[in-house]
Amino acid sequence: MATKQAGKQANKQAITLKGSAVLVTEFFKYAVNTILFQREVYPSDDFHMVKKYGQTVLVTQDLALENYLERILSQMQKWILTGSVNQLVVAIISKDTRIPLERWVFDIMLVEPPAGVEGSEDSNNAPRQPKPEAEIQSEIRAILKQIISMVTYLPVIHEPTVFNILAYTSESADVPVGEWVDTDPLAIEASKSQQVKMRSFSTDVHRIEAMVAYRYEE
Amino acid sequence: MNHPKTPRQRARSEAKTPLTPSVITGLNNVSLAPSPTKPTSRPFKGRAPTAPGDLTNPFLATRPKSRPSSPVKRIASAGIPSSDSFRSQTTGGVIRKGGVESRLEVVTHDYVPPPKHEVKRSKSTPAVNRVGADKRDRFITNRESTDIAAVAATLDQLSLNPQPPSPTHAARLAAATGVPVNRRILGYHEAPPAASSSDTTLAQQREFAKPLYAQRPGALSTSTGATTNKTRKIATQPERVLDAPGMVDDFYLNLLSWSCQNAVAVALESSTYIWKADTGSVAQLGECPEGTYVSSVDFSNDGAFLGVGVGNGDVELWDVESGQKLRTMSGHQGQIATLSWHQHILSSGCGDGSIWHHDVRIPRHKVMELLGHTGEVCGLKWRSDGELLASGGNDNVVNIWDGRLGDVGEGARGTAKWVKRNHTAAVKAVAWCPWQPSLLATGGGTNDATINVWNSTTGARIHTLRTPSQITSIQWAVQQKEILTTHGYPTNSVMIHAYPSMERVAEIRDAHDSRVLFSCISPAGDVVCTGAGDENLKFWRIWDVASETTKKKKPPTTRETTGGRVNSTKEGILRIR
């Protein structure tokens, strides 16, 4: 009886793969916006404040950019659903020289499903409790805050920049023809780059690890 | 003997190259540089005290040469994720092949190692290894250990093509070699939109808002912050302050006029007041009709009459002495933002962009209409000889009109003699030079903030000066070669510029608490009265009228003894009403 109730509750709270994909995509949206704002890829007055994850996040109101991100992220969501994407990279490139200056890397990993079969009697054996959404949100919040705080020590970019979003997918991924093309990894030479690992967050299904690499020359 | 730094550096970067294959193993974007300042914790470094051996090593000597020629490789080597396990393997000096290979599932086509020395290395390393019984050869063993045969084979095949292969080529190559290319790096086919180029309204808004974020030039923001030349000292405090409650804070209006009879007319909302500078007395001239407001005032040349423009489009004519309204000349459809007299002609600039000449002597007062502005006319000035009329509008245009009326009936269209479109904001500040009739100075609004001086004969622009903020009015000094301008946010200053050098002679920062809107010059040409949105009129003694020499040139004022000076009955704040 008791286990039945617990199971019900768990079902209510548990995040499905679909829900997780939505959550992760949404996180990407705000993360990308935050990066674009903080790194001044777009003028700061393009952005307006939005309440999200219990804090204010700056989101672009440039329609063209909004649509652009929307198109990318909707495809990203499909890939996350099929599990065929394992990394998203926001590369910030010098507008004039096309040299990559920063790479914000988000690894997307599938969390191993718990060994216990769904609906099995021994609930003690299944240690994984569904993660409450509040906890996920606070983890996301931490990452976004970390992106903001990064500005304090990332090198100041003096030149106009553009950005590019790369998706690292598996070979088997369904790629919309003509929309997505194989590209250069836009890597930064190891001798000239520094990298900082950031916080991570996880849903019941996905785990996102964030990292930034930036060009640093003495 | 031991070259201090560089060889070590080379050696280190050399030691790094063995890691290159692991690029392929992992996320080939991840770039990890061993921090350049801190030596890596490689065991051989510590254990091999014979560091000079680095130099003797032929491979190390050749390597730096080959490195620049292979940028692709460098980029690729950028992406080394040296996981801890991997590092422990390298530091252990032995890498189990299986371990590396298992990390080697990922081979992206992007990685193209340089052709030559990779091959050379794989071949030559064992040889060196065999030779080396030396301690130095630890380096080589180390390199050899990472030089996995499997990787080398793959790399050699790929390295045939020194250019980054096209995706299709990579696919074919992958198919031919049987190397699984099971990861793809995809990018969206379009480049992201350029910053706000797509959204013109946003760019426009940004352009408009830019002056609001303008930095105050200079650091200090003291209330009386003033800069003066060494040679020119001006009083940075007003000589007198008049309280003018209800003064409308509107850039487009012209609510201040100083007559040659030394009376100042100021319009406060719906009423007009005359302040006699000689006596300090204030009289209310009258009120405009209910529900509207006074939008402009201007004294006639002899100072006996006051033209009053009203918000509903009427132009009123008042007798200053008796305080009576003589007539109302209606017909305009918009507010009368500016008025200018020449003898019996009163010209009015209207909100609809038209300029009318009213002959105040005849019943059918409208004698001419000048159509040249598409925006509200907010600056209008007759040249003192009445030959030319200058107008500035909210359409950023300066027009110079022929002042001759001719035999044209009502509705006839005048055409401007000169049309100047250099300003990028509304032109409210318009002034004719009193001592060189062909000169016209105009000043633009917020987005322009530029003074232009024109030659009205040739139409040429003679001088241009950018100022830090919106120009709300402009005056020529009567006797000096100087121009006075008043400014809005952020400096709220009164500035004096030399002519023709256009150098700044003096600046009174924060002359008012809000933007300085109006200015007029005393008949003697020494005191300037400014009005602002902070509901104050301030009188500034800007120029000194030299008593002997200039008295002759002085325009005939009614009272020579006071010289048109403000009678200093009492210092301090007086009230207009």
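Author: What follows sets values from this predicted model against the cut-offs behind each label.

Reader: Why is the pair A:Phe37 and A:Phe47 called edge-to-face?

Author: Two values decide the matter. The ring centres of A:Phe37 and A:Phe47 lie 5.2 Å apart and the planes meet at 70°. Rings pair if their centres lie within 6.5 Å, and planes over 60 degrees apart count as edge-to-face. The pair of A:Phe37 and A:Phe47 is therefore edge-to-face. Over all chains, 18 aromatic pairs are counted.

Reader: What makes A:Phe37 and A:Phe47 a pair that ties together parts of chain A?

Author: A:Phe37 belongs to helix H2 (residues 17–38) and A:Phe47 to strand E1 (residues 47–52), so the pair ties together parts that are 10 residues apart in sequence.

Reader: Is A:Phe47 buried or exposed, and how do you know that?

Author: The relative accessible area of A:Phe47 is 6%. Buried means under 20%, so A:Phe47 is buried.

Reader: Why are B:Trp435 and B:Trp476 called edge-to-face?

Author: Their ring centres are 5.4 Å apart and their planes stand at 90°. The limits are within 6.5 Å for the centres and over 60 degrees for the planes, so B:Trp435 and B:Trp476 form an edge-to-face pair. This pair links distant parts of the chain, 41 residues apart. B:Trp435 is in the loop between strand E21 (427–432) and strand E22 (439–444) of chain B, while B:Trp476 is in strand E25 (residues 471–476) of chain B.

Reader: Why is B:Trp435 called partly exposed, and B:Trp476 buried?

Author: Buried means under 20%, exposed means over 50%, and partly exposed is in between. B:Trp435 has 22% relative accessibility and so counts as partly exposed. B:Trp476 has a relative accessible area of 4%, so B:Trp476 is buried.

Reader: How do you know that the charged end of B:Lys481 sits over the ring of B:Trp435?

Author: The charged end of B:Lys481 is 4.1 Å from the centre of that ring. The distance limit is within 6 Å, and the charge must also be within 35 degrees of the ring normal. B:Lys481 is listed as sitting over the ring of B:Trp435. In chain A, A:Lys52 lies over the face of A:Tyr53, at 5.4 Å from the ring centre.

Reader: What makes A:Lys52 and A:Glu26 a salt bridge?

Author: The N to O distance between their side chains is 3.0 Å. The cut-off is within 4 Å, and A:Lys52 and A:Glu26 therefore meet in a salt bridge. A:Lys52 is in strand E1 of chain A and A:Glu26 in helix H2 of chain A, 26 residues apart. A:Glu26 has 27% relative accessibility and so counts as partly exposed.

Reader: How many salt bridges does a search of the whole structure find?

Author: The search finds 16 salt bridges over all chains. A:Lys197, A:Arg207 and A:Glu209 are linked in a network of salt bridges.

Reader: What makes the salt bridge of B:Glu190 and A:Arg71 one that joins two chains?

Author: The closest N and O atoms of B:Glu190 and A:Arg71 are 3.0 Å apart. B:Glu190 lies in the loop between strand E1 (183–188) and helix H13 (200–209) of chain B, and A:Arg71 in helix H3 (residues 63–82) of chain A, so the pair joins two chains. B:Glu190 is partly exposed, with a relative accessible area of 31%, and A:Arg71 is partly exposed at 32%.

Reader: Why is B:Arg541 called buried, and B:Glu239 partly exposed?

Author: B:Arg541 has a relative accessible area of 15%, and buried means under 20%, so B:Arg541 is buried. B:Glu239, at 22% relative accessibility, counts as partly exposed. B:Glu239 and B:Arg541 form a salt bridge, with the closest N and O atoms 2.6 Å apart.

Technical notes
Residues numbered from 1 in each chain as written. Chains lettered and ligands numbered in written order. Predicted model: local features only at pLDDT ≥ 70, side-chain atom pairs only at ≥ 80, totals over all residues. Heavy atoms only, no water. Phe/Tyr/Trp six-rings, centres within 6.5 Å; stacked < 30°, edge-to-face > 60°. Helix = DSSP H or I, 4+ residues; strand = E, 2+ residues; numbered from the N terminus. Buried < 20%, exposed > 50% of the residue type's maximum accessible area, 1.4 Å probe, protein only.
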